[in-house]
Structure formats: structure tokens, C-alpha cells
Amino acid sequence: MGAPAFHHVIWKSVSESRSFKNAVRSKSAYCTFGHVKFPNANATKAIGTSSLPRRAGLPIAKAPYEDNNAPSTPARLTRTKERRRKCRRKPLASSRTRYACGLSALTTDEPDANAFAQAIAAEAAAIDAGFALLFFSQSLVDAAALSDALKINARALAYAGCSTAGEITPRGLEEGQVLALLFPSASFSVASTMVDNLSSSGMDRITGEVEALRRSLRGRVGHERANTTFALCFIDGLSYAEEAVTSAIHWGLDDIPLIGGSAGDDLKFETTRLISNGKVASDSAIIVLITTEIPFHVFKTDNFVPTEEKLVVTASDPDHRIVREFNAVNAADEYAASVGVIPQMLTPLSFASHPVVVKVGGEFYCRSIQKMHADGSLSFFCAIDDGVVLSIAQPKNMVESTRAALRDVEERLGGIDMILGFDCVLRRLDARNRQVFREISELYKVNNVIGFGTYGEQYRSMHLNQTFTGIAFGERQAAE
């Protein structure tokens, strides 16, 4: 890969009681947003690390009073260490990264929605951004709190986003983060809408929303060309509606490419949240239409190939994506026998490492299992029905297949500036299981991937599983 042209700033102030090396190892750098003067936007060299003082007003935990004249017994020393460990304030990390294409990414693991919204507002003013995407862990920040903070601190900024099952930041694969990607008005024209109440919405309504967005964007930029326009979608990952919604959006887009991701909730499978210009909802979808002269390329990649082992769905509950039987046998028993484990040993890692695939239009697409129920039935991340023929998939090298896909994108664009990516959470689990998590994370880092872990991925007209979908941006020049 060629050297990327972007600016990356991470602010750190490390406790004196720890070495910088240990702090980095344990991710224990305390960071905060501050007023920092950036170099010219055309510069290509990354800025190094600099230290900033702690912000005034933040409480610093102190160890309880202890008599220094008391005998230094081993038990007392142990208690002192334990108290100091418990009272040590958890260090935090925040970053800002500007890319040559004009996009700017902010990230933090600080659970202060107001501070993050203020940082977003400041950066939006600095680069004249009119729109932002936000991806956030609900374990870190509440969706309503983030929406309220943006309403107070960034009134003029339009935004859309969703909760996640892990994040992809400039530092690679992470968890417990919130990130914002800002689109400068000089290079990107954006229109977005939220479609709520998916469970009771007809597909005609969704297609109509897409057509209205297209009219709005045409009125703003004066034209619409498929090679300068793309669409993003974010869908409640627990809505059981992704296939129908994706198809309806694609129908209204004609030749405009579509990618997206299903919102997650840190693998709790309880509630996902979507936010859009003051609205906070579940059972909803967000559609974003973007026109730009920056060259881009939409792509997908996975790392599985089908085997001859077949599983035919013979009993199912399509409304809830539950399979009760494969090949007229209990679903968990038949699946476990096909992948060579006992049913009692099936876990999310098993499903991540041994997905099933379905053939559609001559291509195979992953159909991932979410969980096993007590009766041996299996819940899926995608639509399923009686008569569907699935094949057990064999894994390829995830690192090499991902690297090959990124190399192909680089050749098509003549260089990658950054990538907005949507990565199935099961790929993350499988990477951990196969002990290539750090390699995948580094691959995303060096290719400037920003995005989140999903409960499903959208690519053109298809809802997918266990796939990475993305849009790569080239350098600042007219698209062909």
C-alpha cells in the first residue's frame, strides 16, 4: 500500500506512576479533546504524540488516608496496593484524524456525550462539515444522551448513526467507543432520512422515501450520476426486516450503489438504537444519499467457500428467523454433526467458525447462525424458510483474503485514502478464535478503515452475514 495522506492526532497524558510503554500496552492513556492547531490540509505527514494537562474540574480519585507511622506489614502493603488500584482513575483516549479526501474522524472512549458533541461541533466548524455519521457502543453512551448533546452543541449539523457490536477506529478494531465521521460540505452533498416502524411499514413507503431523497439531492446539486452518488443504510439488527428493507431501498435507487450495516448492541441481542437529527428509535432504518466528486469504489469480501455438506431447512419459523429442523432432524443436532462437534459444545464461536452459505444468482452468500435455543432450534441473523438449501462453508485465511480484497480496491482507485467499512461481528469473533484478531486490526489500521461491527451487512440488493462491506475513497480528484 502507498503511504496514506492523512493527519492523525492522539493526545495523551500518562500517570507518573506508569511508564509510557506500559500505558500503551494496557490502553491506559488519558486523553481529552483540546484546542489544537492543525497543519495545512494538504500535508501528508502524520503528527506525532503530544502531552496535554488534565482538564480542570475533573475529579482525581485519591487513596483513603492511611497512617504512615503504622508498621509496614505485608498485609498492610497488600491492602495499600489494592486500595490504590481500585482508586486509580480509568485513563481515557480520544483522537481526531483528517484524511486527504476531506473526511474527518473523531473517536473517544469517554462516556461524556456532551464533551464529544462539543468536539464534533468544533471540528464541523473547522472543516465546514454539514453532515456526520455516528457509531456508538451502548455500553459507553446512551443513544438519547448523545442525540440530546448534539441538539444542544451542534444545532446546525445534520447527522445519522446507530449502535454497534464493536467499532473500527483509526487504531483498528476496538470496543466500547463512540466515533463520528464528518463530511465537509465542499466535497460531499448529503441527504438522509429515518424510516420508523419497520414492522408495520410497507415496502412502497421505503421506496418512496428513497425517491424523495433523490429529488432532494438533485435539487441541491443540480444533477444525479451513478458514478458520483452512493447510498448508505443502517437498519435495526433485531428487526427481522433487513432483507425486505434492503430490497426496497435498492429498488428505489436504480443504478446507485448501496452498502450498509445492521445496528448492534454489543452482542446482548436486546435492543439496538438508531439516531437521526434528533430522533432516537428502534424498529427503524436510516437511508443516506451522498454525492461527491471524490473517486470511490464499493466492495465486499468474505473468507469462506462452500463444501458438499448440505443442510435443507425442513421446519422453521420464518417470522422469527428460527430453524427447528435440518434434513428432518433437530437443527442443532444436524448442524453439530455436520461440523464435527457435539451439540452441547455449540457456542457463538462455533457459528462464527462454521457458517452456512446459500447460493443466489450463481454466487454464495453467508447465512450466519445467531444462537442455539434450549430445544435445539437455531436463530439466524438473516431470513430463512422451509426448503432453503444451505451448504456448510469451509474457512479461507481471513487475513490473506481481506488483504487481497483491499489490494484489488487499491488498484482500482489508484490508491486508498480511507475506507468506510461495515464488518460482521462474527468475523471479529472468528478472528479471535483463529488468533488473527491483531493482524486483521492492523490491516484495517494501515488501510485507514473507519466503521463498526454489525449484525448484518447490506450490499446492493442483498442482506449478508459474516461479510465486510465497504466504500473506499481515493485521493481528492474528479471521479471518472
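Trainee: What should I know before reading any values?

Mentor: The model is predicted: local features need pLDDT of at least 70, side-chain atom pairs count only at pLDDT 80 or more, and totals for chains, interfaces and linings use all residues. Residues are numbered from 1 along each chain as its sequence is written, and side-chain values use heavy atoms, with hydrogens and water left out.

Trainee: How many helices and strands does the chain have?

Mentor: Helices (H or I, at least four residues) and strands (E, at least two) are DSSP runs, numbered from the N terminus. Here there are 11 helices and 28 strands.

Trainee: What share of the residues is buried?

Mentor: Buried means under 20% relative accessible area, exposed over 50%, and partly exposed in between (1.4 Å probe, protein chains only). In this chain, 54% of the 480 residues are buried.

Trainee: Which residues have the most contacts inside the largest nonpolar core?

Mentor: A nonpolar core is a set of buried Ala, Val, Leu, Ile, Met, Phe, Trp, Tyr and Cys residues joined through side-chain atoms within 4.5 Å. The largest has 39 residues, and those with the most contacts inside it are Leu103, Leu133, Phe135, Leu232, Phe234, Val288 and Phe473. Another core lies apart from it, with 25 residues, including Leu146 and Val178.

Trainee: Is Arg321 buried or exposed?

Mentor: Arg321 is buried, at a relative accessible area of 2%. Arg321 sits in the loop between β16 (304-317) and β17 (322-326).

Trainee: What does Arg321 touch?

Mentor: Contact means heavy atoms within 4.5 Å. Not counting residues up to four places away in sequence, the contacts of Arg321 include Tyr240, Glu242, Glu243 and Phe381. A polar contact is a pair of N or O atoms within 3.5 Å; within protein, one must be able to donate a hydrogen and the other to accept it, and residues adjacent in sequence count only if both atoms are side-chain atoms. A polar side-chain atom of Arg321 lies 3.0 Å from the backbone oxygen of Phe381.

Trainee: How many residues of α7 are buried?

Mentor: In α7, 7 of the 9 residues are buried. Among them are Glu334 and Tyr335. At the start of α7, a side-chain oxygen of Asn330 comes within 3.2 Å of the backbone nitrogen of Ala332. Gly340 follows α7, with a positive phi near 85°.

Trainee: Where does Met345 lie?

Mentor: Met345 is in the loop between α7 (331-339) and α8 (348-353). Met345 counts as exposed, at 53% relative accessibility.
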